[in-house]
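Subject: Structure handover, with notes on helices

Hello,

Here is the structure you were expecting. My notes on some of its helices follow below.

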Amino acid sequence: VVTISARRAVHGSMFLDPTTTKTTTTTTPRPKTCRRTMCPAGQTLSLEYLDVLASNASLCCQQATSANILDAGIQSAGFADGNEAVFFAGGKVVFNVGNRGITVVTLRPDATRLTSETFDTFTEDGSDALQTYLEALAPDTLVFVGAMDEPSFGLTPAAKDALRSCGAKRVDDIGWRSGYALVGVKGGEALSEMVTQEGEGYAVAFTQIEVEKQTKTDLPVCDARVPEPPVKGYMSSGNLVLDAGCRYRLYEKDAAGACLRNTWISIYGSSNTLLEFGNLVNLLAPEEYGVHRPGEMVGASAMVDVVIKDGQVVHWATVSNEIPECRQVDKAEARANALACKRLIEKTLAQAPTYDSDATRITMFLSFFWDRVSLAVDVLKADTAWALAQMALVV
């Protein structure tokens, strides 16, 4: 679990990024200054060198006072000055806008992107949606706001007031194809804010945030045997952080085998499903790594049915995808042959050994089309030979 807090503001209104020079006919890019450097985690921008050319990265960034402190902010440019809004934290881009208007981003405790919403404020409808969204934010929410392309034409007074509720002071300065960047707090002050007019280059707003990592080892184990096991979350430092606040155990062969006894696992899908199926079989029966069996290649089988006991495969049966009744190359043809294919699958499933509470059964349905899932579910529901096994469906 990680907590995040704003450390120190660098007010964008102090700066004018001279990355472009406007002439009567064109806009010519200039070299990038340090202000637009994204320093890696553990380093922060050197405030005294913000207007120095960024050819020397070591000059732009300085060691942070703590390894958990990093810069987070926005680089915004109107249509004529770069036409982008880039949100960053710790030297990494957390969101790159692709649409016109004003975008609002919030971060998770580990400084990864939690939410991102873009509102086309060229239109009043977009401005109304921005107003509604900002008004619904919880107090003290740290918000990052950036404009791209043209943000001003339909920006209503009510939408401006909503931005002011996040600390904005310069929304009246937003003009045609302006750059605009804000780091603010809902119900609080702006930590950093900057506006540039067309031809003046990038608006950059950033602040320092502190990410305090606290390792929790006492999270409860997720219940994986409920109808819908927890899966929603996000990746942080290579780990899956579940929204449910629990964790899954990691299993070696023997523990996995014991856990999955008296279980019938049915897996549906295409190429990734085949990999999942193969990995599970090889985990429970390691000797299978060196054994070639029919149906292990993508597209080879419409179904593979396997029974494993005491680390050994005791049953392996397939329905070939080459059989005309079960071909899935053409969706209309597959639908027309669904009943005939279903009968073949039922016949093959009936070949499985007698139900054994100490065994694990894995059935993979190679499903190029969603229709095949309904067929497979109907077949499994009708099967009574293994009705005592705990069933798991993975789609």
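What should the 12 residues of helix H8 (residues 371-382) span at 1.5 Å a residue, and how far apart are its end C-alpha atoms? They should span 16 Å, and the end C-alpha atoms are 18 Å apart, which agrees. The expected span is 1.5 Å times one less than the number of residues; helices are DSSP runs of H or I of at least four residues, and strands are runs of E of at least two, numbered from the N terminus.

This is a predicted model, in which local features need pLDDT of at least 70 and side-chain atom pairs pLDDT 80 or more, while totals for chains, interfaces and linings use all residues. Residues are numbered from 1 along each chain as its sequence is written, and side-chain values use heavy atoms, without hydrogens and water.

Arg372, Val373, Leu375, Ala376, Val379 and Leu380 of H8 are buried (under 20% relative accessible area, 1.4 Å probe, protein chains only; exposed is over 50%, partly exposed in between). They lie on the same side of H8, because they cover an arc of only 160 degrees around the axis (taken from the directions from the helix axis to the C-beta atoms). The face turned away carries the exposed residues Lys381 and Ala382. Among the elements covering the buried residues of H8 are helix H7 (338-349) and strand S20 (360-366) (contact means heavy atoms within 4.5 Å).

In helix H5 (residues 271-284), the buried residues include Phe277 and Leu280. The buried residues of H5 pack against S20 and helix H4 (253-259), among others.

Regards
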